[in-house]
Amino acid sequence: MTKPEILLIGDYPDWDMEGLTANYTCHQTPHEDLDAETAARIRCVAFKGHSLFTAEMMADMPNLGLIANFGVGYDVIDVAAASSRGIKVTNTPGVLTDDVADLAVGMLIAATRRLLPADAWVRSGDWAAKGNYPLLRTVTGKRAGIMGLGRIGRAIAERLVAFNMDIHYHSRAPKDTPSDWTYHADPVAMAGAVDYVIVALSGGPETAGIVSKEVIAAVGPEGMLVNVSRGSTVDEEALITALQSGALGFAALDVFAVEPECDPRFGTLENTLLQPHQASATIETRQAMGKLQLSNIQAFYAGTPLITPVN
Ligand code: 8YV
């Protein structure tokens, strides 16, 4: 039996390629270079990365039925266009939650306790030459504000409960939470009520710029912003201005408006901790994400319910 032909967008390691090529004939040509006959045979795209998946791309593959996204966030895929063409979209929720939450908490502590500059203090000989590193601030027992209490936001909050932190959150509507968690309908009010704001929102038009100039101002000079969601949720110009002036104390960022060529001003600031969008980037999680993506593709071809449909 001939294998179905699928298009791969993004880089896949050997462990993903093994499963994909065992079941499918995989094209890795950029979609615009596919000849019309091949494009017409593509019923599934395995999609990975953060470039746009536009309505035009969908139109170029007239028999496309599934976009299987490698990642929980699908803000770069025009899901409305997909739905209107009868194209199903799947994602990979759940399997990355713990790693993303771990990194968020790791960044919070690394930033508060200045782990990287303190490491440099030891390596450079400053410790011996200049004495002890300056005193810093405590994490345990402080107030944390989570923007977005989905799976990842909740996993972050649960970890912070173990740090005896007071949990505040902002989301579209109040959620079913322990009674001592505080809901804020207004993100500015939440930012003003806490010490550390951690952003765990989904990307997309609904959340674009929600971490506004006002939210950033409310976090304040003693406060910190941690972002493990999407750079699009933050007014990045306001963020950089606030970091430069000290109106915002610190930003720990795993995501940026533009990646990987993030704004070079971030790297010039001492009050930032910068990570290369790596919250889900462990071998265990990336393998689990690949397996879930493949299971969705297999379900599509088998005509069985998709495992994690988006639309
Ligand atoms: C990416 C992510 O999937 O899941 C998401 O939404 O942002 C990441 O896990 C990963 O960077 C691969 O593109």
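Predicted model: local features only at pLDDT ≥ 70, side-chain atom pairs only at ≥ 80, totals over all residues.
For H50, a polar side-chain atom lies 3.3 Å from an oxygen atom of the ligand. The side chain of R230 likewise contributes an N or O atom, at 2.8 Å from an oxygen atom of the ligand. In G73, by contrast, the atom concerned is a backbone N or O, and it lies 2.8 Å from an oxygen atom of the ligand.

Two packed helices are described by the angle between their axes and the distance between the axes. For helix α1 (residues 14–23) and helix α13 (residues 283–302), the axes come within 9 Å and cross at roughly 15 degrees. Angles under 35 degrees count as roughly parallel, and α1 and α13 are therefore roughly parallel to each other. Their crossing is right-handed.

A second pair consists of helix α5 (residues 97–112) and helix α8 (residues 151–161), whose axes are 9 Å apart and which pack at an angle of about 50 degrees. The helices α5 and α8 are therefore oblique to each other. The crossing of α5 and α8 is right-handed. From α5, the residues T97, D98, V100, A101, D102, A104, V105 and L108 take part, and they meet R151, I152, A155, I156, R159 and L160 in α8. The contact of α5 with α8 has nine nonpolar residues, together with one polar and four charged residues.

Two features of the backbone complete the description. R114 is found in the loop between α5 and α6 (115–123). The phi angle of R114 is near 45 degrees, a positive value in a residue other than glycine. The other feature concerns P260, placed in the loop between β11 (250–253) and α12 (265–268). The peptide bond that runs from E259 to P260 is cis, and its omega is near 0 degrees.

Key
Residues numbered from 1 in each chain as written. Heavy atoms only, no water. Axes fitted to C-alpha atoms, helices over the stretch in contact; angles between N-to-C directions. Helix = DSSP H or I, 4+ residues; strand = E, 2+ residues; numbered from the N terminus. Parallel < 35°, antiparallel > 145°, perpendicular 65-115°, else oblique. Left-handed = near helix turned anticlockwise from the far one by under 90°. Contact = heavy atoms within 4.5 Å. Nonpolar A, V, L, I, M, F, W, Y, C, P; charged D, E, K, R; others polar. Polar contact = N/O pair within 3.5 Å; in protein donor to acceptor, adjacent residues only side chain to side chain.
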